[in-house]
Amino acid sequence: MYEPIRTKSVHTMAENRTAYPHRSREEELDIQLAGHLAALLALTDELGLTAEGDRIAAQVTRLRGAAPIRRTGPENTRPTADDTALHQRAHALAGRALVVAASRADTAAAILAAERMDAHTAARHLTRAH
């Protein structure tokens with residue numbers, strides 16, 4: 001009544017798994033952490049926070065093995081309404097970086113991310129007061 005299946009199932013696993021490059025969990029977390037920190041660095045540079053940006057850039061360089069591209073421009077001296085949104089986005093990125101740093105047990109990156117979260121929280125409250 002039914003004809004038997006004569007071909008291999010498409011659901012079977014590949015027999016030679018070493019033919020495909022695979023990254024370890026640690027490598028994936030390094031890539032993810034470097035990405036979050038690089039995005040945080042872009043916002044930090046946009047806010048004109050040079051010293052803080054240098055610290056973040058050092059961590060990105062450590063994770064990627066190459067220095068990130070930095071935005072150069074005038075330092076931001078007075079908080080504006082746009083800064084509140086930037087600080088909020090930076091706070092969220094620092095939080096993501098903190099989660100990944102904690103999961104890979106990267107103490108230096110976790111401390112930096114937590115400090116940035118605190119700084120952006122304080123800056124948001126300061127910007128709202130003006």
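Biologist: Which residue forms a salt bridge with Asp-45?

Modeller: Asp-45 pairs with Arg-70, the closest N and O atoms being 2.8 Å apart. The pair links distant parts of the chain, Asp-45 in helix α1 and Arg-70 in the loop between α2 and α3, 25 residues apart. A salt bridge here is a side-chain nitrogen of Lys or Arg within 4 Å of a carboxyl oxygen of Asp or Glu. Helices (H or I, at least four residues) are DSSP runs, numbered from the N terminus. This is a predicted model, where local features need pLDDT of at least 70, side-chain atom pairs count only at pLDDT 80 or more, and totals for chains, interfaces and linings use all residues. Residues are numbered from 1 along each chain as its sequence is written, and side-chain values use heavy atoms, with hydrogens and water left out.

Biologist: Is Asp-45 buried or exposed?

Modeller: Buried means under 20% relative accessible area, exposed over 50%, partly exposed in between (1.4 Å probe, protein chains only). Asp-45 is buried at 10%, whereas Arg-70 is partly exposed at 28%.

Biologist: Which residues are linked in a network of salt bridges?

Modeller: Side chains of opposite charge can pair when their charged atoms come close. In this model Asp-30, Arg-62, Arg-104 and Asp-106 are linked in such a network. Asp-30 and Arg-104 meet at 2.4 Å, N to O, and they are 74 residues apart. Arg-104 also meets Asp-106 at 2.4 Å, N to O; both Arg-104 and Asp-106 are buried.

Biologist: What is the phi of Ala-105?

Modeller: Most residues other than glycine have a negative phi. Ala-105 has a positive phi of about 60°. Ala-105 lies in the loop between α3 and α4 and is exposed, at 66% relative accessibility.

Terms used. Helix = DSSP H or I, 4+ residues; strand = E, 2+ residues; numbered from the N terminus.
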